[in-house]
Amino acid sequence: FASTSSPSPSPSSPGPSSPGPIPSSPASGPCRVSAAINPWNTGLTENLTITNTGSAPINGWSLAFTLPGGQSITSGWSATYSPTSGQVTARNVNYNATLAPNAPVVIGFQANHTGNTATPTAFTLNGAACTVG
């Protein structure tokens, strides 16, 4: 019965046991961010909805994202934003410092643009990648 131990499962077993793709998966983060944009001639507003998808509250948060080229924040709400273009970090304000599990928090900003009205494509919350959508 030595022939019943098939060697075929061994080539497929390194795939699932390989930790390589798991950390890079954005779905593995503790958060979800959705973006809604309202553009006009040379300006836009953008609302970002942040949801803590974990089971414990997050006390004190910063959301990092890269603005598309040509966009520059002129004002914002429900967070502090710095710098105003490029790689931006939005930090909580006193009244929304705690992200409760599954309780969305909406922040947003107004920005100037030079024609590119796309939304950021990736977000990290306290350094962990968020699911976008």
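Threonine 117 sits in the loop that runs between strand S9 (105-112) and strand S10 (123-125). Strands here, like helices, are DSSP runs numbered from the N terminus, with at least two residues (E) for a strand and at least four (H or I) for a helix. The model is predicted, so local features need pLDDT of at least 70 and side-chain atom pairs count only at pLDDT 80 or more, while totals for chains, interfaces and linings use all residues. Residues are numbered from 1 along each chain as its sequence is written, and side-chain values use heavy atoms, with hydrogens and water left out.

(Buried means under 20% relative accessible area, exposed means over 50%, and partly exposed lies in between, using a 1.4 Å probe and protein chains only.) Setting aside residues up to four places away in sequence, threonine 117 touches Ile37, Pro39, Leu44 and Gln71, where contact means heavy atoms within 4.5 Å. Threonine 117 and glycine 69 are 9.1 Å apart in space, C-alpha to C-alpha, although 48 residues apart in sequence.

## A five-stranded sheet

If you trace the sheet across, you meet five strands in the order S6-S7-S4-S10-S11, forming an open sheet with antiparallel pairing. At its edges are strand S6 (80-82) and strand S11 (128-129), each of which pairs on one side only. Two strands are taken to pair if DSSP finds at least two bridges between them. As background, strands of a sheet pair through backbone hydrogen bonds, either parallel or antiparallel.

Strand S4 (residues 62-66) is a handy place to look at individual partners. Five bridges join S4 to strand S7 (residues 87-91), and these two run antiparallel; serine 62 stands opposite arginine 91 in S7. S4 is also joined to S10 by three bridges, again in an antiparallel arrangement. On the S10 side, alanine 64 has threonine 124 as its bridge partner, and phenylalanine 65 stands opposite phenylalanine 123.

Threonine 89 gives a view from strand S7. With a relative accessible area of 16%, threonine 89 is buried. Its contacts, leaving aside neighbours within four places in sequence, are Ser62, Leu63, Ala64, Thr80, Tyr81 and Ser82.

## The aromatic cluster

The structure holds three aromatic pairs. One of them joins phenylalanine 65 and phenylalanine 109, stacked at 6.1 Å centre to centre with 10 degrees between the planes. Phenylalanine 65 belongs to strand S4 and phenylalanine 109 to strand S9, so this pair ties together parts that are 44 residues apart in sequence. Phenylalanine 65 is buried, with a relative accessible area of 1%, and phenylalanine 109 is buried too, at 0%.

Phenylalanine 109 also pairs with tyrosine 81: the ring centres are 5.8 Å apart and the planes are at 70 degrees, so the pair is edge-to-face. Because tyrosine 81 lies in strand S6 and phenylalanine 109 in strand S9, the pair ties together parts that are 28 residues apart in sequence. Tyrosine 81 is buried, as is phenylalanine 109. Ring pairs link Phe65, Tyr81, Phe109 and Phe123 into a cluster. For reference, rings of Phe, Tyr and Trp (its six-membered ring) pair if their centres lie within 6.5 Å; planes under 30 degrees apart count as stacked, over 60 as edge-to-face and the rest as tilted.

## Backbone details in the loops

A few loop residues deserve a look at their backbone geometry. The peptide bond from serine 82 to proline 83 is cis, with omega near -15 degrees. Proline 83 has its place in the loop between S6 and S7.

Serine 78 is found in the loop between strand S5 (72-77) and S6. Its phi is near 65 degrees, a positive value in a residue other than glycine, and serine 78 is buried, with a relative accessible area of 17%. Asparagine 126, in the loop between S10 and S11, has a phi near 50 degrees, also a positive value in a residue other than glycine. Asparagine 126 counts as partly exposed, at 45% relative accessibility.
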